[in-house]
Amino acid sequence: MTINSEQFKNNAERQMSMMKEERRELPQGLIVRSMDLQKRDLEILQFLNEMGPATSQLVAAKLFDAIAISKINTRLRVARRRLHLLHQSGFIKKEFCELRNPFYLTTQKGVQALCSHLNHCIHLSHLKNVPEDMVHSLQVIWSRIALENMGLATAWRSERRIGLEDKKDQLRQLNKIQKIYIPDGVYVRSDGAKILFEYEHTQKSQTRIKERSLILTNLVVSMKTHYQGVHIVCANESILARYKPEIRIWDQKIQTFEQLMTDGGINHVWTK
């Protein structure tokens, strides 16, 4: 494959600009040769780099869906084998927390590999610290996979990427209406609409829910080219009941996490 040197230079400059925005250093040395990375390995690295920490169950559900759903253990075994090899080679690291299953993150070396092999993309820097609320983070990823399984989400931007790409536009277009607000995700729906995604798993006062609802409404009304609708997934029926009367955007969807997992064909055992 022939690589256009000018295009590579432009992509490198964009990569540096994005890294500076995030106030993290661009990984040094873009050529990585310590492992013969397969296409699936790069897909795993790209997924972890975009979404943050993920368990082997998430990787299996996202990237090994060609294996029949009835063969869940086979999916997991294949995913864990690839994760183990990537971990051994230093492309990802394995962490443990209070959750039952370990989770994986890209390392600096993993981001270097992405920069080397997929130089047409803008890659985020590796995470140095894991999210404080791991349950929330993992449920957002499960929601993405469910939406993709249903064919409703054709593209996804993570919270980290939205923070890099939309912050300046929010500052300019919100025009002091409200502070910058970075949602849990933005996905492109099958009809082309860009949908703000929020996962809510803790009970909040009605006042706070009203404030959050107004923020989301302002984003859709004031930034129509960026966001055209809102999708809120709630951990339970109680939270959903508080949100429903507050969201007054015509293009909206509010549902429970359990319903989304059922619609998306996700085995509930995996999400625990």
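This is a predicted model: local features need pLDDT of at least 70, side-chain atom pairs count only at pLDDT 80 or more; totals for chains, interfaces and linings use all residues.
Residues are numbered from 1 along each chain as its sequence is written, and side-chain values use heavy atoms, with hydrogens and water left out.

**The protein as a whole**

The protein has eleven helices and seven strands, where helices (H or I, at least four residues) and strands (E, at least two) are DSSP runs numbered from the N terminus. Of the 272 residues in the protein, 52% are buried. Contact here means heavy atoms within 4.5 Å, and among contacts between residues at least 6 apart in sequence, 65% join residues at least 24 apart.

| Helix | Number of residues | Span | Expected span |
|---|---|---|---|
| H2 | 13 residues | 18 Å | 18 Å |
| H6 (residues 134-149) | 16 residues | 23 Å | 22 Å |
| H9 (residues 206-222) | 17 residues | 24 Å | 24 Å |

When residues up to four places away in sequence are not counted, Ser 213 touches Tyr 243, Glu 246 and Ile 247.

**Helix H6 and its two partners**

H6 is mostly covered, with 13 of its 16 residues buried. At the start of H6, a side-chain oxygen of Asp 133 comes to within 3.4 Å of the backbone nitrogen of Val 135, and just after the helix Gly 151 takes a positive phi of about 80 degrees.

Two packed helices are described by the angle between their axes and the distance between the axes. The axes are lines fitted to C-alpha atoms, for helices over the stretch in contact, and the angles run from 0 to 180 degrees between N-to-C directions. Angles under 35 degrees count as roughly parallel, over 145 as roughly antiparallel, 65 to 115 as roughly perpendicular, and the rest as oblique.

The axes of helix H3 (residues 56-63) and H6 come within 10 Å and cross at roughly 15 degrees, and H3 and H6 are therefore roughly parallel to each other. In this pairing, Gln 57, Leu 58, Ala 61 and Lys 62 of H3 meet Leu 138, Ile 141, Trp 142, Arg 144, Ile 145 and Glu 148 of H6.

H2 and H6, by contrast, pack at an angle of about 125 degrees with their axes 11 Å apart, and these two helices are therefore oblique to each other. Here Phe 47, Glu 50 and Met 51 of H2 meet Val 140, Ile 141, Arg 144 and Ile 145 of H6.

Glu 50 has its place in H2 (residues 39-51), and Glu 50 counts as buried because its relative accessibility is 11%. A polar contact of 2.8 Å joins the side chains of Glu 50 and Arg 161; such a contact is a pair of N or O atoms within 3.5 Å, and within protein one must be able to donate a hydrogen and the other to accept it, while residues adjacent in sequence count only if both atoms are side-chain atoms. Not counting residues up to four places away in sequence, Glu 50 touches Leu 124, Arg 144, Trp 156, Arg 157, Ser 158 and Arg 161.

Trp 156 in turn lies in strand S3 (residues 153-158), and Trp 156 is buried because its relative accessible area is 9%. Leaving aside neighbours within four places in sequence, the residues in contact with Trp 156 include Glu 50 and Met 51, Val 140, Arg 144, Leu 147 and Glu 148, as well as Tyr 187 and Phe 197. Trp 156 and Arg 189, which are 33 residues apart in sequence, are 9.3 Å apart in space, C-alpha to C-alpha.

Conventions
The expected span of a helix is 1.5 Å times one less than its number of residues. Buried means under 20% relative accessible area, exposed over 50%, partly exposed in between (1.4 Å probe, protein chains only).
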